[in-house]
Amino acid sequence: MAFDYDKYLRPGKLPHIWCPGCGHGIAMKGLIRAIDACGLEKNNTAIVSGIGCASRLPGYVDFNTLHTAHGRGAAFATGVKMAKPEMTVIVVGGDGDGTAIGGNHFIHACRRNIDMTYVIFNNSIYGMTGGQFSPCTPTGALASTTVYGNPDPTFDISKLAIGAGATFVARTTSFHATQIDKLIAEGIQHKGMAVIEVLDDCPTTYGRRNKFRSVIDMMKKLKDNAVPVAAAAKMTAEQLEGKFLTGVLFKEERPEYTEQYAKVIAKAKAKGA
Amino acid sequence: MAKKVALLQGNEACAQGALYAGCTFFGGYPITPSTEVAEVLSIELPKIGGKFIQMEDEIGAMASVIGASLTGAKVLTATSGPGVSLKQELIGYACIAEVPCVIINVMRGGPSTGMPTGPGQSDVQQAKWGTHGDHAAIALVPASCQEIFSETVRAFNLAEKYRMPVQVLYDEIVGHSRERIEFPEPGDLEVIDRAAPSVSPEKYKPFDPSFGDVPPLAAFGTDYRFHVTGLNKAADGFPTTKANLVDDEQRRQVRKVDAATDIELNEEYLTEDAEVIIFAYGSTSRSARYAVNEMRKEGIKVGLFRPITLWPFPEKRIAALAQQAKAIVVAEMNLGQMVLEVERVAKGACQISFLGRVDGDPINPGQIMEKVKEVK
Ligand SMILES: Cc1ncc(C[n+]2csc(CCOP(=O)(O)OP(=O)(O)O)c2C)c(N)n1
Ligand code: SF4
């Protein structure tokens with residue numbers, strides 16, 4: 001039987017705002033399948049976002065949902081998780097939201113290794129505001145504010161997350177749709193900060209400008225340049241030039257923040273007694 | 001039984017007041033002269049199973065308290081000057097999403113870094129107009145350690161009751177002076193918790209005006225699931241741009257404070273027969289009281305009006321005093337902020353004279369006396 005998405009979607013809240021061909025819908029379906037696979041309880045799950053096209057996701061799904069301010073999703077989510085550690089907390093948002101305005105909150109959530117799953121929809125552009133470049137826009141690419149080609153170096157979100165201390169980091173693309181749910185599910189089950197970067201596309205403000213004739217062209221680029229981690233191990237640096245790795249890029253066990261804080265509480269109570 | 005007493009700094013009294021009110025979550029970022037509030041709560045909150053988190057910046061701190069509040073916790077953040085400026089976008093978020101939270105602003109001078117250890121009263125307009133958009137504001141301005149304690153409790157009560165951010169502003173002098181404080185016993189001061197929904201989860205709408213101007217707020221992680229956004233929204237919490245719904249929501253959120261009768265709190269000292277009224281708040285009001293006593297000895301008919309609630313502004317009472325008095329002298333540690341409000345509501349009924357100081361020293365009684373004596 002086909003997967004029943006309706007079970008997790010809010011009645012009457014569709015259609016969504018996303019353009020035809022936008023990768024965010026594929027990522028949302030992956031997230032829903034992951035939640036289903038993990039058997040998460042709706043009442044006990046909070047989905048938090050910032051602002052942007054990707055960040056509109058919480059409006060569509062039937063959980064405790066929190067659409068915050070631009071870039072602040074991880075910080076709001078930290079408050080939710082700290083105050084109620086028994087809840088499953090998932091953050092979603094775009095690359096601009098998470099790595100530009102929200103970069104500070106993102107790296108510190110990683111550093112704390114707080115138990116949340118951050119799914120970052122990386123379409124390499126600011127979609128909602130009409131296609132200005134983001135820290136993830138490839139150098140040289142065209143955006144509404146880089147009509148001469150983007151002079152900025154590009155962030156590698158997954159490397160950033162690993163460097164900042166996230167203990168589960170994975171990457172996939174909207175072309176590899178079935179891998180999205182597997183990686184998000186693994187992230188949800190991981191105790192600590194899990195970052196899943198989903199490379200997707202924005203045909204409206206990025207594709208058009210950067211000479212992708214169709215959504216299929218954009219998908220093809222995601223398909224052709226993705227190299228699974230295991231395959232990459234056998235490839236040379238030259239062969240890997242211009243490609244990106246997919247799959248679980250990093251995983252380690254490290255004390256989780258709310259558990260560490262529970263120890264603070266135990267110590268304080270023992271001292272107070 | 002004798003009351004428990006202590007010698008406490010204003011900031012410590014604030015932390016104790018928060019605990020009395022039932023605060024279980026503090027999110028903050030250190031900044032002088034507010035830091036002791038965080039320090040005390042980092043020690044005290046875990047003792048009661050509460051949570052303290054030092055966030056990466058003030059914006060994160062404000063975000064964390066809003067997130068925590070949505071799980072049902074009573075939440076606090078404390079900051080000063082530049083920290084308040086950073087929090088403004090999210091203070092607006094707490095206004096529109098109607099999330100209870102208390103923000104302590106221990107005022108220093110400014111703009112920018114200004115004088116970190118010097119006192120100021122220059123954030124009083126920021127407390128009303130700091131964030132963008134139309135919204136209600138509640139700001140309390142205690143003037144002593146004892147009052148910081150009780151006003152912090154009241155701030156939590158108002159935040160919970162009206163589902164909104166409430167700011168407590170006091171200047172560095174009040175925040176850092178040590179004074180005797182008498183601890184109220186549990187039950188001595190009223191403690192209010194936010195109203196919980198009484199309808200079934202299927203029927204619950206977080207912004208349903210049929211419950212009145214302050215609809216009940218459910219908590220994340222209970223049987224109620226709901227959506228929260230900073231966008232204008234309909235009763236169910238989902239975004240709308242329908243003109244009438246946006247208008248209704250905006251007006252309801254302003255009206256809930258306008259119509260309230262338990263927010264305004266003032267103190268008047270010898271105003272009954274006063275020909276000159278000094279309007280002063282925070283530490284300045286303490287100099288003003290001294291000045292009133294001295295001038296009364298000289299037979300000058302002068303009194304003190306001390307707002308304890310600054311926002312909403314005590315319009316009716318000030319308008320009445322403007323009718324009664326020859327002059328109102330406004331003394332504040334800025335270059336003229338609340339004097340604008342006094343002028344606005346006095347509508348020319350009496351002379352308004354202004355005494356401001358921004359050099360990092362307190363306004364002293366002598367300066368106030370001089371100003372009062374200038375009144376013809
Ligand atoms: C404080 C603030 N600054 C700027 C904006 C405008 N803004 C809205 S969405 C957005 C960028 C969204 O890009 P991204 O996060 O990559 O998500 P996408 O829309 O591409 O999914 C910006 C700059 C805002 N809402 N708030
Ligand atoms: S503008 Fe781009 S990111 Fe936004 S919905 Fe359209 S395609 Fe998606």
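B:Cys23 has 0% relative accessibility in this predicted model. B:Cys23 therefore counts as buried, since the limit is under 20%. B:Cys14 also stands at 0% relative accessibility, so B:Cys14 is likewise classed as buried.

Disulfide bonding was examined next. A disulfide is a covalent bond between the sulfur atoms of two cysteines. The count is zero disulfides over all chains. B:Cys14 takes part in none; its nearest cysteine sulfur belongs to B:Cys23, at 9.2 Å. For B:Cys23, the closest cysteine sulfur is that of B:Cys14, at 9.2 Å. The criterion is a sulfur pair within 2.5 Å. The sulfur of B:Cys23 is therefore too far from that of B:Cys14 for a bond.

Chain A was then described as a whole. Eleven helices and ten strands make up its assigned secondary structure. The radius of gyration of chain A is 19 Å. This value agrees with a compact globule, because 273 residues would give a radius near 19 Å. Along the principal axes, the C-alpha atoms of chain A occupy a box of roughly 70 × 45 × 40 Å.

Of the 273 residues in chain A, 57% are buried. Among contacts in chain A with a separation of 6 or more, 68% join residues 24 or more positions apart.

Chain A exposes about 11,200 Å². Carbon and sulfur atoms contribute 59% of that area. Chain A carries 31 positive and 24 negative charges.

Note on methods
Residues are numbered from 1 along each chain as its sequence is written. Chains are lettered from A and ligands numbered from 1 in the order in which they are written. This is a predicted model: local features need pLDDT of at least 70, side-chain atom pairs count only at pLDDT 80 or more; totals for chains, interfaces and linings use all residues. Side-chain values use heavy atoms; hydrogens and water are left out. Helices (H or I, at least four residues) and strands (E, at least two) are DSSP runs, numbered from the N terminus. The radius of gyration is taken over C-alpha atoms; the globule rule is 2.2 Å times the number of residues to the power 0.38. Buried means under 20% relative accessible area, exposed over 50%, partly exposed in between (1.4 Å probe, protein chains only). Contact means heavy atoms within 4.5 Å. Accessible areas come from the Shrake-Rupley method with a 1.4 Å probe; for residues, only the protein chains shown count as cover. Lys and Arg count as positive and Asp and Glu as negative; His and the chain ends are not counted. The place of a charge is taken as NZ of Lys, CZ of Arg, CG of Asp or CD of Glu.
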